[in-house]
Amino acid sequence: MPAEPDVTRELKEILSRYSGASSDLIPILQEAQEKFGYLPEEVMQRVARFLRLTDNMVYGVSTFYAQFSFTPTGRNKITVCRGTACHVRGGARILKEIERRLGIKPGETTEDMEYTLETVACIGACALAPTMKIGNETYGQMTTMKAAEVLGAKEKAS
Amino acid sequence: MAEITATINGRQVKAKEGMTILEAALESGIDIPTLCHRPELVPIGACRICVVEVEGSRTLVGSCHTPIAGGMVIHTHSDKVLATRRMIIELLLASHCGSCYMCDKANICELRKIAADLEVGLPRFQMRKNYYALEDISPYIVRDLTKCIMCRRCARACREVAGHNVFGIAYRGFDTKVVVDFDQPIDKEVCRDCGVCISFCPTGALGKPREAKEEKRGKPLIITS
Ligand code: SF4
Ligand code: SF4
Ligand code: FES
Ligand code: FES
């Protein structure tokens with residue numbers, strides 16, 4: 001586990017760029033998620049105080065969106081599509097293969113904090129089904145072989 | 001305020017502009033069931049049990065939050081409306097724990113009462129139940145979210161009536177849940193014993209800790225037919 005990030009200083013820097021209107025909530029949370037890799041409780045508390053919202057309001061908004069996480073995530077986020085088009089074209093096999101290679105299930109993070117595995121209900125590139133993403137990069141027409149290759153290439157690059 | 005005339009169940013009724021269909025119906029002695037709505041709260045139209053048919057409208061409309069308009073022709077108990085209400089109750093009960101027999105609020109539970117009124121028995125659907133741990137560490141309040149129907153009356157009453165903000169709504173879809181702070185069990189630090197939310201909860205999800213030997217509240221609901 002990495003050390004708890006020093007949220008005080010880094011969050012101050014983020015907050016300094018906002019006026020404190022309640023519509024700033026999501027942009028702030030996005031920046032914090034980007035910076036810390038997840039939203040520690042302390043961050044949500046400080047954001048709530050900054051925007052004069054209650055803790056439960058901030059928690060409600062952040063848990064509504066799949067883009068925020070509440071436990072530390074790995075350096076690479078792998079998102080495998082479980083949408084209809086991808087399912088029909090073998091998405092489940094891709095997921096199985098990645099689960100097997102990384103030894104984790106969706107929602108989990110590898111022990112070395114390298115990968116977090118997630119599923120989505122459609123990446124929005126059905127023509128390329130089955131699809132997956134690593135970070136912001138999308139991979140289409142996946143096969144179990146290709147999945148293994150992509151992971152292997154990542155491993156070497158890092 | 002201007003007066004308007006509309007037709008409810010074939011009868012001409014007078015209402016004031018700005019009234020909801022529900023208010024106008026109640027005023028002319030027509031009962032429409034409600035679950036998420038209370039007159040003290042701002043309507044949010046969450047549960048849909050109060051739907052009515054308005055001629056010319058593509059869909060059924062929620063009467064608790066739809067303003068009545070002059071010339072509207074409304075049916076509050078048509079077959080379509082009743083079938084829809086039954087379906088809603090069936091779906092609510094399908095994910096409900098179904099432990100009325102053991103429930104402290106069984107005699108005053110609005111969900112159970114409406115189910116009885118609409119003659120909904122065993123739901124046809126088998127659904128995953130949302131079981132949550134019982135929250136009974138506060139001396140003032142017991143929360144059993146397994147029985148929660150997400151009407152949000154507690155959260156709104158806390159905010160709109162009691163002037164606090166103890167509850168929030170978190171997660172989404174089937175996982176949606178009324179939470180305290182960052183989803184902590186409710187304790188006496190966050191909530192004093194004003195008890196407002198308890199009286200607003202239509203089900204057994206919120207209650208006062210029951211003293212030993214204390215009777216259940218309300219009269220037993222005896223269903224005869
Ligand atoms: S809350 Fe109502 S429906 Fe649910 S178990 Fe209690 S009495 Fe029954
Ligand atoms: S706890 Fe009671 S009042 Fe609150 S949302 Fe659930 S059922 Fe409604
Ligand atoms: S279903 Fe996978 S991208 Fe649309
Ligand atoms: S009572 Fe009208 S939608 Fe719930």
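Chain B splits into two pieces under the domain assignment: domain 1 covers 3-77 and domain 2 covers 87-207. Keep in mind that this is a predicted model. Over C-alpha atoms, the centres of those two chain B domains sit 26 Å apart.

**Domain interface in chain B**
- On the contact count, domain 1 of chain B brings 14 residues and domain 2 of chain B brings 17.
- Interface size is often quoted as the accessible area lost when the parts come together.
- For domain 1 and domain 2 of chain B, that buried area comes to about 1200 Å², with 71% of it on carbon and sulfur atoms.
- What about charges and polar pairs? The rule finds 0 salt bridges across this chain B interface, while 4 residue pairs are in polar contact, both partners being at pLDDT 80 or more.

**Sheet in chain A**
- Chain A has an open sheet of 4 strands, ordered β2-β1-β3-β4, and the pairing is mixed.
- Its edge strands are β2 (115-120) and β4 (137-139), each pairing on one side only.
- From one strand to the next, the twist averages 20 degrees.
- Inside the sheet, β1 (residues 76-81) and β3 (residues 132-134) of chain A run antiparallel and share 3 bridges, with A:Thr79 opposite A:Lys133 of β3.

**Helices across the chain A sheet**
- Helix α6 (residues 91-102) of chain A lies across β1, β2 and β3, at about 150 degrees to β1.
- Helix α7 (residues 144-157) of chain A lies across β1, β2, β3 and β4, at about 150 degrees to β2.

Methods
Residues numbered from 1 in each chain as written. Chains lettered and ligands numbered in written order. Predicted model: local features only at pLDDT ≥ 70, side-chain atom pairs only at ≥ 80, totals over all residues. Heavy atoms only, no water. Pairing = 2+ DSSP bridges. Helix = DSSP H or I, 4+ residues; strand = E, 2+ residues; numbered from the N terminus. Axes fitted to C-alpha atoms, helices over the stretch in contact; angles between N-to-C directions. Contact = heavy atoms within 4.5 Å. Domains from an automatic or database assignment. Buried area = accessible area lost by both parts, 1.4 Å probe. Salt bridge = Lys/Arg side-chain N within 4 Å of Asp/Glu carboxyl O. Polar contact = N/O pair within 3.5 Å; in protein donor to acceptor, adjacent residues only side chain to side chain.
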